[in-house]
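Let's take a walk through this structure together. Have the sequence and the 3D view open side by side.

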Amino acid sequence: MNGLSSRKLHFILVPLIAQGHMIPMVDLARLLAERGTRVSLITTPVNAARIKTIVNRVEESGLPIDFVELQFPCTEAGLPEGCENMDLLPSEDYLRTFFEAMHLLREPLARYLHAQRPRPTCMITDMCNPWTADLARELRMPRLIFHGPSCFSLTCFALMQQHGIYDRITDDFEPILVPEMPQPFEVTKAIAPGFFNVPGWEKIRSGIQEAESTADGVVMNTFDDLEHSYIELYKKVTGKKVWTIGPLSLYNKDLDDKAARGNNSAIDRHRVMDWLESRKPKSVLYVSFGSIAQTRPCQLIEIGCGLEASNQPFIWVIKDVERTPEVDKWLSEGFEERVSTRGLVITGWAPQVVILSHPAIGGFMTHCGWNSILEAMSAGMPMITWPFFGDQFLNEKLLVDVLGIGVAVGVKVPFHYVPKDSPPAAKRDDIQKAVSRLMDEGEEGEERRKRAKELAGKAVRAMEEGGSSFENIALMIQYALEHGNDDPEEEEHNV
Ligand SMILES: *[C@@H]1O[C@H](CO)[C@@H](O)[C@H](O)[C@H]1NC(C)=O
């Protein structure tokens, strides 16, 4: 007999503290709470401050979510003070230190978990947090891995791993046909690198693999109608239970929720809306490259020139850290004035889902991070693909070759293979051409828009009552009910 009701279920969500990983988990926390379970979302002070608006809204609405702020031991770990998110690292050299520092959250999290009565029922933890595995075991909670990337890329990585391709390969640019994929396609290790498959990361990598192989299942931010054959293949290859529960961004229905996502916005959403109101439907290109990848000054200037040459209205997001004196000078000495009637430059965090869901937006130039793709897809947006690293090149293949809703800008090599002083990866002509192709009102453009719109319909249906993701969330909750620790006597003994 199982005495638990979903009212007493308590999920522990442990995201990696990086924008792309936190955002869907914060959506998931609210979604689970709305479906009747209690949720604790583990975070840190700096990251909690970024979602303050959401935290306040959750409090007002009475959703049963605890945002648990654990102290992140920056200085102890060798990171600068306050460096609690991947986008705050002074340079890539700190990345491994950051990952190691995450492990120091183990003790404070253990104290929090052990103090909970009744015992928490189920843990959903980011792939990058293998240090949570023995905690879940200690508390006899089922542990599910949260995977942020597309199932297409995860499956591809898993197949390459299983077929020993990563062990055998000596040249990162050797063409490889990925075995077992439903349709044959070619990659290189450079564009399909797997996770942390680089010298110096062996320990972290094997920890992650171990934690994944012992997990009770996998939760993915995708949906059945989008990646059905890859989801089936992933299950077969890994032998894991999989719940696909996305696109999680669709949890956010009203504009205030959409605007509060991720980080404190650098621009008032009403200002963006007013700007968009005056534009023709589907006429504006939105350009943004996520939270981590930094674009060099010469490349930013090239993007600006390409946008200018395209004659298309645009919203262009530039990160704080990218606003070097060189970029500032270039923007202010003519560019901003020349495009003032049709361009809006946002420096810092932009309310992306608000922008993408406005009818005036007609296309999205993206770094192909999976959250960005899902957000745009849910809004029926065709995309210009400009991958930087990780799974992003595979996501580009999915958009361009499989789904037919993307136009590649033509970047072939991950940015870390390119010397810092080399010319820009995409020239203004490439950019201008991609923009004209995407925004084109002829047949090719129309077809692409039609496919994008169909996908948006499927995405929305997946999250609605009766849809596949909606049902999968119920099944996941059911799994936690059946497998979660619920023996009150057992608990007494252990107190
Ligand atoms: C998020 O906001 C913080 C504080 O304003 C800022 O330092 C950080 O760069 C922002 N992150 C991104 C990716 O914009």
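One definition before we set off: buried means under 20% relative accessible area, exposed means over 50%, and partly exposed is anything in between, using a 1.4 Å probe and protein chains only. This is a predicted model, where local features need pLDDT of at least 70, side-chain atom pairs count only at pLDDT 80 or more, and totals for chains, interfaces and linings use all residues. Residues are numbered from 1 along each chain as its sequence is written, and side-chain values use heavy atoms, with hydrogens and water left out.

Let's begin with the annotation. The unreviewed UniProt entry carries "domain: Glycosyltransferase N-terminal" over residues 11-248; UniProt positions are given in the numbering used here, feature names are shortened, and annotations may be inferred rather than shown by experiment. Over residues 11-248 the chain is 43% helix and 15% strand, with 17 Å between the end C-alpha atoms. Helices (H or I, at least four residues) and strands (E, at least two) are DSSP runs, numbered from the N terminus.

Now find the ligand. Around the ligand sit Arg50, Asp87, Leu88, Asn263, Ser291 and Trp349, where being near takes a heavy atom within 4 Å. The protein buries 69% of the 360 Å² that the ligand exposes when taken alone; accessible areas come from the Shrake-Rupley method with a 1.4 Å probe, and for residues only the protein chains shown count as cover. In the side chain of Asp87, an N or O atom is 3.1 Å from a nitrogen atom of the ligand. Over at Asn263, a polar side-chain atom lies 2.5 Å from a ligand oxygen. Both pairs fall under polar contacts, meaning N or O atoms within 3.5 Å.

Stay with Asn263 for a moment. You'll find Asn263 in the loop between helix 12 (255-259) and helix 13 (269-277). Asn263 has a relative accessible area of 15%, so it counts as buried. Leaving aside neighbours within four places in sequence, Asn263 is in contact (heavy atoms within 4.5 Å) with Gln19, Arg50 and Trp349.

Ile54 is the next stop, in helix 3 (residues 52-61). Ile54 is buried, at a relative accessible area of 2%. Not counting residues up to four places away in sequence, Ile54 touches Val26, Arg30, Ala260 and Arg261. Ile54 and Lys258 are 204 residues apart in sequence, yet 9.8 Å apart in space, C-alpha to C-alpha.

Ile303, in helix 14 (residues 297-310), is buried as well, with 0% relative accessibility. Beyond four places in sequence, its contacts are Phe289, Thr295, Trp316, Trp386 and Ile431. Helix 17 (residues 370-378) has nine of its nine residues buried, so it is largely enclosed by the rest of the structure. After helix 17 comes Gly380, with a positive phi near 75°.

Finally, check the backbone. Most residues other than glycine have a negative phi, and most peptide bonds are trans. Arg117 and Pro118 are joined by a cis peptide bond, omega about -10°, and the bond from Gly246 to Pro247 is cis too, with omega near -5°. Phe196 has a positive phi near 55° and is buried at 17% relative accessibility. Asn311 also has a positive phi, near 60°, and lies in the loop between helix 14 and strand 11 (314-318). Is Asn311 buried or exposed? At 60% relative accessibility, Asn311 is exposed.

Technical notes. A polar contact is a pair of N or O atoms within 3.5 Å; within protein, one must be able to donate a hydrogen and the other to accept it, and residues adjacent in sequence count only if both atoms are side-chain atoms.
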